[in-house]
Amino acid sequence: MARMPAVRKRDHRSDAELIEACNSGDAKDATTAFGELYRRHKDFVVRVAYRSSDDHQIALDALQETFTWLLKQFPPPGAGITLTAKLTSYLYPIARNSALTLLRKKQRFTAGSDVDPDSLPSQEPQASDDIDSLLAVLPAERRELVLLRFVEGMSMNEIGDVLGIPVGTVKSRLHLAIQQLRNSPRTKTFFDL
Amino acid sequence: MNSEYDDKLPQELIDKLVDENRSVRFITAKVDREIESLAEAHFAERKAARTRARPAWIAVAASVLVAVFIVQTQQRGVDSDALRLEDLDGSGRVDIVDVLALARQNPNAQQTDIDALASALVALSPKGDAS
């Protein structure tokens with residue numbers, strides 16, 4: 001008879017409690033707590049990284065870079081973290097910037113080592129022909145905003161935090177994005193239902 | 001164009017977007033293990049650092065005890081320095097009689113220090129004088 005895989009006991013601690021365990025718990029508790037943070041947020045991080053790069057390997061590398069960054073915040077030798085916002089607000093810019101940096105390095109490698117990566121045009125991932133093409137009518141900035149709001153479930157304030165823009169700007173851009181989708185031939189039928 | 005503030009998407013469109021993004025699942029077990037291993041190694045260093053810190057704490061405590069011992073010894077040493085062996089009885093020589101006189105003059109002197117002076121005197125001269 002095949003053995004059932006061990007069922008991981010669900011950890012009901014909040015992110016803040018897990019962070020505290022990573023800050024000051026003993027080695028075993030800190031490792032367990034970090035593992036739980038990783039389990040909870042790895043999909044979010046890889047989605048952000050993939051949207052930023054459209055490259056599976058880059059997304060996985062960015063995933064590792066993001067959680068390596070997080071790990072280094074905890075002693076030793078890090079000073080620890082005090083959460084003043086959702087953990088995703090911390091992880092989002094790290095994941096996105098890691099993916100973009102890795103993408104530029106890859107583009108530089110492809111273009112030739114003597115090419116200044118800053119001179120390369122920004123190559124935002126193109127929407128594929130699948131469901132993402134429904135959002136293709138939107139510029140990349142608004143597309144990301146819609147995904148953060150409706151797929152990642154972030155609040156306006158959280159979106160403002162991760163994108164570094166005022167909440168008012170989030171609201172106005174979201175409004176414009178939805179107006180575009182309402183009027184786009186590809187998506188207007190959803191609004192008519 | 002709808003001029004009212006619009007911040008809602010139809011649920012069907014949201015469901016399709018969520019499903020599509022849920023399919024972005026290519027994190028392998030190997031990747032999971034690598035990151036978990038990094039975490040284990042990182043926090044194991046914390047355990048090692050705390051183990052290294054323990055002897056340091058003990059060393060500090062030991063240093064304090066040694067310091068107290070040294071201070072007390074030095075205090076005794078000050079007293080011992082006052083035990084300057086001289087020809088106290090005017091006999092013309094420094095001998096064991098002078099040691100005994102010194103002991104009487106310094107009732108608080110440590111016996112071990114008196115004994116040390118006596119031993120040194122005997123070592124200098126088998127007759128017990130510093131001639």
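Okay, let's start with a definition: helices here are DSSP runs of H or I with at least four residues, strands are E runs of at least two, and both are numbered from the N terminus. With that settled, Pro77(A) sits in the loop between helix 3 and helix 4 of chain A, and the peptide bond from Pro76(A) into Pro77(A) is cis, with omega near 0 degrees. Pro76(A) is in the loop between helix 3 and helix 4 of chain A too, and a cis bond joins Pro75(A) and Pro76(A), this time with omega about -15 degrees.

Some housekeeping. This is a predicted model, so local features need pLDDT of at least 70 and side-chain atom pairs count only at pLDDT 80 or more, while totals for chains, interfaces and linings use all residues. Residues are numbered from 1 along each chain as its sequence is written, and chains are lettered from A and ligands numbered from 1 in the order in which they are written.

So, what is chain A made of? It has 8 helices and 0 strands; reading from the N terminus, that's α-α-α-α-α-α-α-α. Of its 193 residues, 34% are buried, where buried means 20 or more other C-beta atoms within 10 Å of the residue's own, exposed means 12 or fewer, partly exposed is in between, and C-beta atoms are placed from the backbone. Contacts are C-beta based as well: two residues touch if those atoms, placed from the backbone, lie within 7 Å. Take the chain A contacts between residues at least 6 apart in sequence, and 59% of them join residues at least 24 apart.

Now helix 2 of chain A. It bends by about 50 degrees at His41(A), the bend being the angle between axes fitted to the seven residues ending there and the seven starting there. Within helix 2 of chain A you'll find Glu36(A), which counts as buried with 20 C-beta neighbours inside 10 Å. Setting aside neighbours within four places in sequence, Glu36(A) is in contact with Asp11(A) and Leu18(A).

After helix 2 of chain A comes Asp54(A), in the loop between helix 2 and helix 3. Its phi is positive, about 60 degrees, although Asp54(A) is not a glycine. Is Asp54(A) buried or partly exposed? Partly exposed, with 17 other C-beta atoms within 10 Å.

On to the core. A nonpolar core here is a set of buried Ala, Val, Leu, Ile, Met, Phe, Trp, Tyr and Cys residues joined through C-beta atoms within 7 Å. The largest has 52 residues, and Ala49(A) and Ala59(A) touch the most other members. Several elements each supply at least two residues, including helix 4 (87-111) of chain A and helix 2 (29-82) of chain B. Helix 2 of chain A gives the most, with 11 residues. As for Ala49(A), its contacts beyond four places in sequence include Ala59(A), Ala62(A) and Ala95(A).

Next, helix packing. Two packed helices are described by the angle between their axes and the distance between the axes. Axes here are lines fitted to C-alpha atoms, for helices over the stretch in contact, and angles run from 0 to 180 degrees between N-to-C directions. Helix 5 and helix 7 of chain A come within 9 Å and cross at roughly 100 degrees, so they are roughly perpendicular to each other. For the labels, under 35 degrees is roughly parallel, over 145 roughly antiparallel, 65 to 115 roughly perpendicular, and the rest oblique. Among the residues meeting there are Leu145(A) and Arg149(A) from helix 5 and Val170(A) and Leu174(A) from helix 7 of chain A.

Helix 6 and helix 7 of chain A have axes 8 Å apart at an angle of about 105 degrees, therefore again roughly perpendicular. On the helix 6 side, Met156(A), Asn157(A), Ile159(A) and Gly160(A) meet Val167(A), Val170(A) and Lys171(A) of helix 7.

Last stop, the partner chain. 37 residues of chain A are in contact with 33 residues of chain B. Helix 2 of chain A gives the most to that side, with 11 residues. By class, the chain A side divides into 21 nonpolar, 9 polar and 7 charged, taking Ala, Val, Leu, Ile, Met, Phe, Trp, Tyr, Cys and Pro as nonpolar, Asp, Glu, Lys and Arg as charged, and the others, Gly among them, as polar.
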